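Welcome! Open your viewer, get the selection tool ready, and follow along one stop at a time.

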Amino acid sequence: MTQSTLASPSLQAARDEHRSETRGMLLGLAAVALFSLTLPFTRMAVAELDPLFVSLARAVGAALLAGAWLRWKGAPRPPRTALPALAVVALGCIIGFPLLTSIAMRTLPASHGAVLIGVLPLCTALYSALRGHERPSAGFWALALMGSGLVVVFALTQGGGRLEPADLLMFAAVLSAAAGYAEGGRLARDLGGRETICWALVLAALPSAVLLAVLDPGQFARLGAVGLRAWLALGYVTVFSTIVGFFFWYRGLALGGVARVGQVQLVQPFLSLGGAWLLLGEPLTAANCGFALAIIGVVAAGRRMQVRTR
């Protein structure tokens, strides 16, 4: 047997690994592209629909799709030990983040919110550290504080030297999503990524449906006057932002690795800025792009700092 014949199996394995990583990066980029349009479409929806209705209808609609997928796949029920983490995912990613951003987008430009959300990866890592899952280095903590400081400075400069209530809502939305991302990412290792988001959606379905049913009756009476543009925006955040995007995201992480594929999230603020420009006509200002670039630089540097897993 020749040396080239002996080397061929390992060479083929290397090629397969490279293809898997490439596919994972492409799936991760597709997910980030879908997520990046969430704020522009949310702002489009709340221009005619009540923010509470948008967030609850989004949760209920996505839960119906998730339940159908779980039934089709014959997925087993999650163990009771997984329920607390699923509850955090449901409260953080399915109820908290959509509700808070829906209210904030009533008054904030989507481009403004895109810059604030740029610090989400750092907040996710900070939450994981505070929960005891990881032990970041001192350099990571310093960069986390720097990134948070940049976000606060941006909000102050845009608000004339003071924080607007909508800015505080966006900060709360980032913290809410960070908790849901961290708990969901840890749970997905055992439960599976698609199963995690689907069971979290099912868990959030009942309270969301109850709250939706007890809304002000006048809200439902006004739905007939809502234009097609707002309904299409609601459909996007229901289908693509809440379930399809997570399917691509978790599959990409599984194929290409969390550290490698996670880097593509750094382009999300710029994609959101572009989406706000294309969909809403919001200007691409130098201040927004500059702060987005600075925050992304800090987040990218923070990802290179040592973080030990417990």
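Predicted model: local features only at pLDDT ≥ 70, side-chain atom pairs only at ≥ 80, totals over all residues.

Residues are numbered from 1 along each chain as its sequence is written, and side-chain values use heavy atoms, leaving out hydrogens and water.

Select residues 110-117, which form helix α5; helices are DSSP runs of H or I, at least four residues, numbered from the N terminus. How many of its residues are buried? The count is 8 of 8, where buried means under 20% relative accessible area (1.4 Å probe, protein chains only). Among them are H112, G113 and L116.

**Stop two: the core.** Now select L49, F53 and M170, the residues with the most contacts inside the largest nonpolar core, which has 58 residues. Such a core is a set of buried Ala, Val, Leu, Ile, Met, Phe, Trp, Tyr and Cys residues joined through side-chain atoms within 4.5 Å. A second, separate core of 33 residues includes A59 and L70.

Stay with M170: leaving aside neighbours within four places in sequence, M170 is in contact (heavy atoms within 4.5 Å) with residues including G113, L116 and I117.

**Stop three: R229.** Find R229 in helix α11, residues 228-256. Not counting residues up to four places away in sequence, R229 touches M44, L279 and L280. R229 and M44 are 185 residues apart in sequence, yet 7.4 Å apart in space, C-alpha to C-alpha. Finally, look for a polar atom of the R229 side chain 3.0 Å from the backbone oxygen of L279.

Notes. Buried < 20%, exposed > 50% of the residue type's maximum accessible area, 1.4 Å probe, protein only. Helix = DSSP H or I, 4+ residues; strand = E, 2+ residues; numbered from the N terminus. Polar contact = N/O pair within 3.5 Å; in protein donor to acceptor, adjacent residues only side chain to side chain.
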